[in-house]
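Notebook open, model loaded. I want to go through the salt bridges, then the sheets, then the cores.

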Amino acid sequence: MKFLLPMLFIGTLMNAQVSTVVRHPDSYKDFPYEGTRIIQVDEANSPDNEDNVFIFSKIEKGAKPDKMTFQRFTKVDGNWKVVAKKQMTHDGILSAWGQRKAFADYDKDKSIDALFIYALNDYDLKQQSVHLIFSKKDKLYEISTSAESGYTKDVYSDNFKTLPENIQSKILEYWNKLDKE
């Protein structure tokens, strides 16, 4: 299972017109993200069409409650603009799963479709829930599940059903294969 997700990620990149760039988070120190420190940063671009930077940032270490922000930046007229944002606050620890992400152009609209995973943990780092954020243009869609349900009951954002069926199926394929424990 641990090898399946990276292979799914690689396969997604190979089948789409998507390029990714890896840089050290310090490269973004002057980027207009919220929070005081970057937890995860990814660049994914649709060559000659769209440039994107996806950032998870947090407030100071040890702050209670913990606060993490996800932002999608897209270059518009030469300037970086926040086109989608989600803030999470939790009495515990928020963590982005840096190796669990995927980039594609599922509907071939020349805009990057991206998904990311994060978790809510208690202060002893015992996981309480797992969450998927799917970013499509200026919209965010979500799926979550909890340890309390044994990771068997999925909860969807109200707008998830508005996604085209083929995109829903790709997201659910990823989600259902994800080792959530």
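Predicted model: local features only at pLDDT ≥ 70, side-chain atom pairs only at ≥ 80, totals over all residues.

I started in helix α2 (165–177), where the side chains of K177 and E173 meet in a salt bridge, 3.3 Å from N to O. My cut-off for a salt bridge is a side-chain nitrogen of Lys or Arg within 4 Å of a carboxyl oxygen of Asp or Glu. The two residues are four apart in α2, so about one helical turn separates them. K177 comes out partly exposed at 29% relative accessibility, and E173 likewise counts as partly exposed at 36%. For the record, buried is under 20% relative accessible area, exposed is over 50%, and partly exposed is in between (1.4 Å probe, protein chains only).

Residues are numbered from 1 along each chain as its sequence is written, and side-chain values use heavy atoms, with hydrogens and water left out.

Next I searched the whole structure and got 11 salt bridges. D113 pairs with K136, closest N and O atoms 2.9 Å apart. D113 sits in strand β7 and K136 in strand β8, so this pair ties together parts 23 residues apart in sequence. D113 is buried at 1% relative accessibility, and K136 is buried at 9%. I also looked up D109 with K137, at 3.4 Å. Here D109 is partly exposed at 27%, and K137 is partly exposed at 43%. Shared partners join D107, D109, D113, K136 and K137 into one network.

Then the sheets. Helices (H or I, at least four residues) and strands (E, at least two) are DSSP runs numbered from the N terminus, and two strands pair if DSSP finds at least two bridges between them. Eight bridges join β6 to β7, and A96 stands opposite Y118 in β7. The other open sheet I checked has the order β1-β2-β3-β4-β5, also antiparallel.

Last, the cores: sets of buried Ala, Val, Leu, Ile, Met, Phe, Trp, Tyr and Cys residues joined through side-chain atoms within 4.5 Å. The largest has 20 residues, and L163 and W175 are among those touching the most other members. α2 gives the most to this core, with four residues. A second, separate core has 17 residues, including F70 and Y118.
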